[in-house]
Amino acid sequence: MKLSQFKFKLPEELIALYPPHRAFKNEDGTVDRIYNRDQCRLMVLHRKSEKIELFKKNDKGEDTDEFLTFRDIVNYFDEGDTFIFNDTKVFPARLYGTKEKTDAQIEVFLLRELNEELRLWDVLVEPARKIRIGNKLFFDGKGIMVAEVIDNTTSRGRTLRFLYDCDHDEFKRELFDLGEAPLPRYIVDRRKAEPDDMENFQTIYAKNEGAVTAPSTGLHFSKQLMKIMEIRGFNFAYLTVHCSLGAFDPIEVEDLTKHKMNSEQMIIDQKCCKIVNDAKLAGHRICAVGVSVARATETSVGTDGMLKEYDGWTNKFLFPPYDFGLANSMIANFYHPESTMMMATAAFGGYDLVIEAYDLALKHQYQFGCYGDAILLLDD
């Protein structure tokens, strides 16, 4: 499979900059938005029959002119079917400081904490050419927070030591108070992060802190929708994958077998395995909610088709052709061209069918990206 097979032109107006919402313009020119997580559009792909559904049906089973929405997903599952969610929690990883002496503004993107006691963090900086070992960065906040660059790790990567004298919990609170939602570059290059984004860019079931980008497919699930799913007897299983920026790294090789994914930390516990394996043994459908879940389950599934406990890292790269060992349904978003997430979707749904779905999405002006529309892929 070649990189060029996933290339298409994505019009600017189809990049979702906000979640599904209704907007109200105030007299002073400001805009208020009421967000509806589960009201994005939903496209349904049946990978065996190769049928694609875009529209709701009437009482006669005929297509109407009303598009399916994400809440309609409940109509494609039965009691006992099991959804696997990624419960990672996004932290406010993007913050801005000023460089000593020059006062140049520097974007600092927190990746992970390296040492609690020494306040060491692995970060990305922009513009990187201005930041060298020994430089100090100053941040505004409730107190004076300063960071010193102590190492260069990559062209944009740096190790920072934060100089802040307090206990660790207070330090983390102060640091995160300085940050904002780590929206993808394709959004922040078009608009600034807003206070609402810290809630919108977080799943409602987020629990375990450690992600620097959201497991975006999970953003579509609202409290109301999950209550409906619970009433219908669907099962929920949770694993943790701390989503990194690796999924956004450009692929620089034409032959996809030569691309190496960055590793992400993942944890699958015994409780998750039991819920999933019991459902599978009972013949129920197993649905992977998002690419991060699909990568995790394919990392840990055994040769017997059962999910195994796991605590470690994964660099699993899913692209077609690929035979999935666990999930027999999957939910994904519409992703950017040549992205690893688009390739994982094609790995599950089949290349030709997924490309046809993307062509329909462009034709009908579906929204793309983390705040965009969704695809449900079924094994029927």
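Sorted by class, the lining of the second largest pocket comes to 18 nonpolar, ten polar and five charged residues. For the classes, Ala, Val, Leu, Ile, Met, Phe, Trp, Tyr, Cys and Pro go in as nonpolar, Asp, Glu, Lys and Arg as charged, and the others, Gly among them, as polar. This is a predicted model, where local features need pLDDT of at least 70, side-chain atom pairs count only at pLDDT 80 or more, and totals for chains, interfaces and linings use all residues. Residues are numbered from 1 along each chain as its sequence is written, and side-chain values use heavy atoms, with hydrogens and water left out.

The volume of this second largest pocket is about 590 Å³. It has 33 lining residues, and closest to its centre are Ala 247, Phe 248, Ser 339, Thr 340 and Met 341. Helices H6 and H7 are the elements that give two or more residues to that lining. A pocket here, on a 1 Å grid over the protein atoms alone, is an open set of points where a 1.4 Å probe fits, with protein on both sides within 12 Å along at least five of seven lines; lining residues have an atom within 4 Å of a point.

Now the largest pocket, at about 1200 Å³. Its lining has 40 residues, with Leu 111, Leu 124, Val 212, Ser 244 and Leu 245 nearest the centre. Which strand gives the largest share of that lining? That's E10, with five residues. By class, we get 17 nonpolar, twelve polar and eleven charged.

Last stop, Asn 333, which sits in E20, residues 329-333. Is Asn 333 buried or exposed? Asn 333 counts as buried, because its relative accessibility is 0%. Its side chain makes a 3.4 Å polar contact with the side chain of Thr 217, meaning a pair of N or O atoms within 3.5 Å, one able to donate a hydrogen and the other to accept it. A polar atom of the Asn 333 side chain also lies 3.0 Å from the backbone oxygen of Gly 369.

Conventions. Helix = DSSP H or I, 4+ residues; strand = E, 2+ residues; numbered from the N terminus. Buried < 20%, exposed > 50% of the residue type's maximum accessible area, 1.4 Å probe, protein only. Points joined across faces, edges and corners; volume = space filled by probe spheres on them.
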